[in-house]
Amino acid sequence: MYLKNAWYVAGWGHEIQRSLTQRWIIGEPLVMYRTEAGKAVALEDRCPHRRAALSKGNLIGDTVQCGYHGVTLNCAGACVAIPGQEQIPPSMKVRAYPVAEKWQWVWVWMGDPEAADESLIPDFRYNSEPGWLSTGGCIDVKANYQLLTDNLLDLTHETYVHAKTIGNSAVVETPMTHRVEGREVHVERIIKDAPPPPLFARVRNLDEHIDRWQVIRFQPPANVSIDARGYPAGTEDLEKGLRWFSINSITPVDERTSKYYWTITRCFALEDEAITKLIHDSILATFMEDVEILEAQQIMIETDSRTKAEVGVRADSGSVAARRILEKLVRQESAAVTQ
Amino acid sequence: MYLKNAWYVAGWGHEIQRSLTQRWIIGEPLVMYRTEAGKAVALEDRCPHRRAALSKGNLIGDTVQCGYHGVTLNCAGACVAIPGQEQIPPSMKVRAYPVAEKWQWVWVWMGDPEAADESLIPDFRYNSEPGWLSTGGCIDVKANYQLLTDNLLDLTHETYVHAKTIGNSAVVETPMTHRVEGREVHVERIIKDAPPPPLFARVRNLDEHIDRWQVIRFQPPANVSIDARGYPAGTEDLEKGLRWFSINSITPVDERTSKYYWTITRCFALEDEAITKLIHDSILATFMEDVEILEAQQIMIETDSRTKAEVGVRADSGSVAARRILEKLVRQESAAVTQ
Amino acid sequence: MYLKNAWYVAGWGHEIQRSLTQRWIIGEPLVMYRTEAGKAVALEDRCPHRRAALSKGNLIGDTVQCGYHGVTLNCAGACVAIPGQEQIPPSMKVRAYPVAEKWQWVWVWMGDPEAADESLIPDFRYNSEPGWLSTGGCIDVKANYQLLTDNLLDLTHETYVHAKTIGNSAVVETPMTHRVEGREVHVERIIKDAPPPPLFARVRNLDEHIDRWQVIRFQPPANVSIDARGYPAGTEDLEKGLRWFSINSITPVDERTSKYYWTITRCFALEDEAITKLIHDSILATFMEDVEILEAQQIMIETDSRTKAEVGVRADSGSVAARRILEKLVRQESAAVTQ
């Protein structure tokens, strides 16, 4: 199940260059490149002639020449040359996907191009906001993308999965609240006067109790940003505290494979490269702990023949709300198509 | 096709310890461990909350804490804690499988717990009988479990597959008889005054002709013990002869993958470690010869699109009888469920 | 989709010896060997008894003894011995496939043995013609066999895929013609007064413009020979020119896997081993360029859920005609079977 009328991250801006590169998004193959003028392009990666992978061909100016028989397509997907003939059949074309570049990432709209609306790109401004510094990466995960958004919307798992870095018992002991706003879900947990998790302590020398904020925002289809804060308890003093955004966008490769794009972007100690490295390495290790759990969960779901439903708990409310929003959007989209 | 109301070997007793370990039996995932009091436990390895693999979690006392969100289940499969909430929904539970430990192995009952009957554990007493010494192992086989029981119930294959160890032409030249007793099949071949197979000669220095007994007992779903004897011809003299039980239990992992648990347990030369090693290594090599044949046979069956039936021979009678018993039991079981 | 009433290459003559070897053709497993008299034999590689792979057994004289229980079959597929019993059920037999040896290759007829007609073996005489020398090989390709015949029937791809060896822009710039003759397709391209492709230049020191002939002959199901010539422009002087046949037979292993048997057989510089090596290595490298394209194309076809048809170009006419012939033959064959 995928939402087609949506933006998906296809890569970091610096990954799309003057060469052809293949990407798979929601089961569809794309060939991507940058025009001479610097604009990122995404075309269907199947030559309309014999379905050869265009990404095996050549970038010539702003056009893609198929590496098999030389059919050449421009960045709108229209055929501009067929070797050995003058006439170009109108059906000799590929789909061109709307592309936008924002917040360090290249986004592709997988649905109706007419409906592409850049205001639907999630608000990940802190990836490129002055005064903020981000570090991040992309992890290949053998699990459905919704298992990843579930994960990010219920941070009680930090207590169990991430005790070495960002979890401790204070997380699970503090209730969260959620509210739905249009297509978005907001989840909030404010932990008062509790020990800092290990990574917070290392990054900011926070030895004493802290107040910790987890303010989570879900934007469909699979975008989650977390405004994470930790202050000496009762102070709200950012000078001595920590604030970063955990920014996450999950791109479904197919139903059981995902690309997990992530950054941590912070507003303190911007020049301290050791801190950048500590955060990068610790968060990557943290997310790899998730990956181990999620890939095993994916196997359990795939091999499950029972009809018994999963059993909800209170902490699921945010992830359940997000799933409902996505299901509703997919349902509306498919109803619109069949009309 | 599996019999659910049956005991399957889930491991050697020493393999189940104070840690969580995963097992797959008839397509179902189990998490296994031992309680503080030493009792082996098997639960479904899917957390009822979000189907995470419980085996990735923590053993705390006699309970399993899910490694994802901390849902905690006792050894009866009941939920005893949900982090962040007091109320425990009655459906928050996993299936607990009856477990028994007998004859060095841990057995799990995969069907209706009410029907679990330890008297149905096959009689493998020689695995742990005073005056007997066993050596054995477990082999992963990429073949359906019934191909393994077929193999053990028609030992004419020894002549062709195992000429280096336990086979010679005397086996195939001597007819076998079989009889069905309730759920069991008994197959007997008494070879008189024939050369010993190579391994018998090495183990007991049997250079002259021997009388050789193969007394086979099948107990469903996939248990076969073979009372194997070789005496100097006409003597029945165990002092100069060989007697061992070949004890075999096949656990279906899924329809095309099996765990082959085996022992050879003997009543002679008990202190002779070189003999133990000779038997262990020779029988393992022997069974690996079977594995090569059976894995190729599995491929031939899976890729066969014809409707032509297999053609029986006289020596099949034992394996055919065993298949009929198992099919009948599965049919009865499924009829009982649908009533 | 396969034509069954057809000859497929099962190997080089020298590969079939006095031992059992397995081959898969159009999804069916064969066991092949040579009789004491030297005749190649192909039987279904499934023992009629329990479907063990006969190729794991023993060749005894001209018979195959199953390596599992000793059922023995002659080279007509009839059972000649069942260990432990006198009586042989008439159904204890395997299919014997007609085999012919011609043009260095062993051919197997996969359809009705009554219909086997050696005159349908494609005319690949130059593989073993006096005055000609061939070099070749067999490449495993993870693509449907028809993608390979398409490739060979539209050589415009040489310009794009093989610019290092046999392609240049002259190929794509010169139109081809095709004609259908019965079950065959003939495609012709005569390039006049154009630069030689790199490999021609190296093999025959052709620095000046050449005339180049590509005379292609398709014989179903998947046989393509190419009469390739290059002369100093306007001369037709073979002494200073190049002429070879590119002979190609594609054997479907299954719908997505093929064996690509190929030779280049030439009528010049027969004693020059360096030329033989240059041609062999260059053509193998050339075909591996095709393999990369075709395996990617196979993935694009398998993952394509759209209903949109491929868009033809003028240069497809030969490959389209060949596909139509094969489809018609398959349709006729399946109509004949259902009558």
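The questions below concern a predicted model.

Q: Why is Arg229(A) called buried?
A: Its relative accessible area is 15%. As for its place, Arg229(A) sits in strand S16 of chain A, residues 223-232.

Q: What makes the pair Arg229(A) and Tyr231(A) a polar contact?
A: The two side chains come to 3.4 Å. The cut-off for a pair of N or O atoms is within 3.5 Å, so the pair Arg229(A) and Tyr231(A) qualifies. Further along the chain, leaving out residues up to four places away in sequence, Arg229(A) touches Phe200(A), Asp211(A), Arg212(A), Trp213(A), Leu242(A) and Arg243(A).

Q: How do you know that Glu292(A) and Lys56(B) form a salt bridge?
A: Their closest N and O atoms are 2.9 Å apart. A salt bridge needs a side-chain nitrogen of Lys or Arg within 4 Å of a carboxyl oxygen of Asp or Glu, so Glu292(A) and Lys56(B) meet the rule. The count between chain B and chain A is six salt bridges. On the side of chain B that touches chain A there are eleven nonpolar, nine polar and seven charged residues.

Q: What makes Arg50(A) and Glu310(C) a salt bridge?
A: Here the closest N and O atoms are 3.2 Å apart. The limit is within 4 Å, so Arg50(A) and Glu310(C) count as a salt bridge. Between chain C and chain A the count is six salt bridges, and twelve residue pairs are in polar contact across that interface. Helices H1 (145-153), H2 (157-161) and H5 (273-302) of chain C each supply at least two residues of the side that touches chain A. H5(C) gives the most, with eight residues.

Q: Why is the relation between chain B and chain A that of a three-fold axis?
A: A rotation of 120 degrees, with 0.1 Å of shift along its axis, superposes chain B on chain A at an RMSD of 0.0 Å. That is the relation of a three-fold axis. Within chain B, Glu302(B) comes closest to the rotation axis, its C-alpha being at 13 Å.

Note on methods
Residues are numbered from 1 along each chain as its sequence is written. Chains are lettered from A and ligands numbered from 1 in the order in which they are written. This is a predicted model: local features need pLDDT of at least 70, side-chain atom pairs count only at pLDDT 80 or more; totals for chains, interfaces and linings use all residues. Side-chain values use heavy atoms; hydrogens and water are left out. Ala, Val, Leu, Ile, Met, Phe, Trp, Tyr, Cys and Pro count as nonpolar, Asp, Glu, Lys and Arg as charged, and the others, Gly among them, as polar. Copies are superposed by least squares on the C-alpha atoms of residues with pLDDT of at least 70 in both. Helices (H or I, at least four residues) and strands (E, at least two) are DSSP runs, numbered from the N terminus. Buried means under 20% relative accessible area, exposed over 50%, partly exposed in between (1.4 Å probe, protein chains only). A polar contact is a pair of N or O atoms within 3.5 Å; within protein, one must be able to donate a hydrogen and the other to accept it, and residues adjacent in sequence count only if both atoms are side-chain atoms. Contact means heavy atoms within 4.5 Å.
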